[in-house]
Amino acid sequence: MSGPFYIRGTVSLPEAELTWRFTRSSGPGGQHVNTSDTQVELRFDLARTQALPEVWKRRALERLSGRLVDGGVLVVRASEHRSQWRNRETAAVRMASLLAEATAPPPPPRRKKKVPRGVNERRLRQKKQRSEVKRGRSGSGWQ
């Protein structure tokens with residue numbers, strides 16, 4: 001592969017903890033696709049890893065709980081390219097971005113702010129204008 005895939009900061013995907021599996025890709029492709037194992041399945045045991053800080057690991061396990069299999073293993077598949085090498089790159093980048101998103105700190109809590117009086121007055125004025133327009137459309141007074 002082309003070097004370490006960084007999750008965030010200096011933390012990267014540990015090469016020793018990644019498990020690769022290769023299979024034949026589905027779909028059209030002629031004779032080539034029937035003989036070469038180009039689809040890549042990348043597995044990373046998130047529950048047992050020592051590469052991530054404990055806080056990040058807890059956060060990722062919680063956020064990716066729907067994607068995890070076999071008690072905490074994150075699986076990513078890639079079969080977009082005809083080359084196994086490019087599919088490996090794609091899978092590793094996708095895994096790193098998934099982990100980066102899952103380990104990101106939560107956004108700061110939203111602070112409620114008071115609605116300005118001018119906004120309320122403008123909204124009520126427009127409602128009144130609209131109701132006048134609609135009242136003017138009724139047929140009363142046209143005789």
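Is D70 buried or exposed? D70 counts as exposed, at 58% relative accessibility; here, buried means under 20% relative accessible area, exposed over 50%, and partly exposed in between (1.4 Å probe, protein chains only).

The model shown in these views is predicted, with local features needing pLDDT of at least 70, side-chain atom pairs counting only at pLDDT 80 or more, and totals for chains, interfaces and linings using all residues. Residues are numbered from 1 along each chain as its sequence is written, and side-chain values use heavy atoms, leaving out hydrogens and water.

**View 1. The whole protein, from strands to helices.** Here you can trace 4 helices and 6 strands (DSSP runs: H or I of at least four residues for helices, E of at least two for strands, numbered from the N terminus). Their order along the sequence is β-β-β-α-β-α-β-β-α-α. The radius of gyration (over C-alpha atoms) is 28 Å, well over the 15 Å of the globule rule for 143 residues, so the protein is more spread out than a compact globule; that rule is 2.2 Å times the number of residues to the power 0.38. Of the 143 residues, 31% count as buried.

**View 2. The loop that holds D70.** D70 sits between β5 (68-69) and β6 (73-78).

View 3. Look between α3 (84-103) and α4 (117-137) to find R110. R110 is exposed, with a relative accessible area of 73%.
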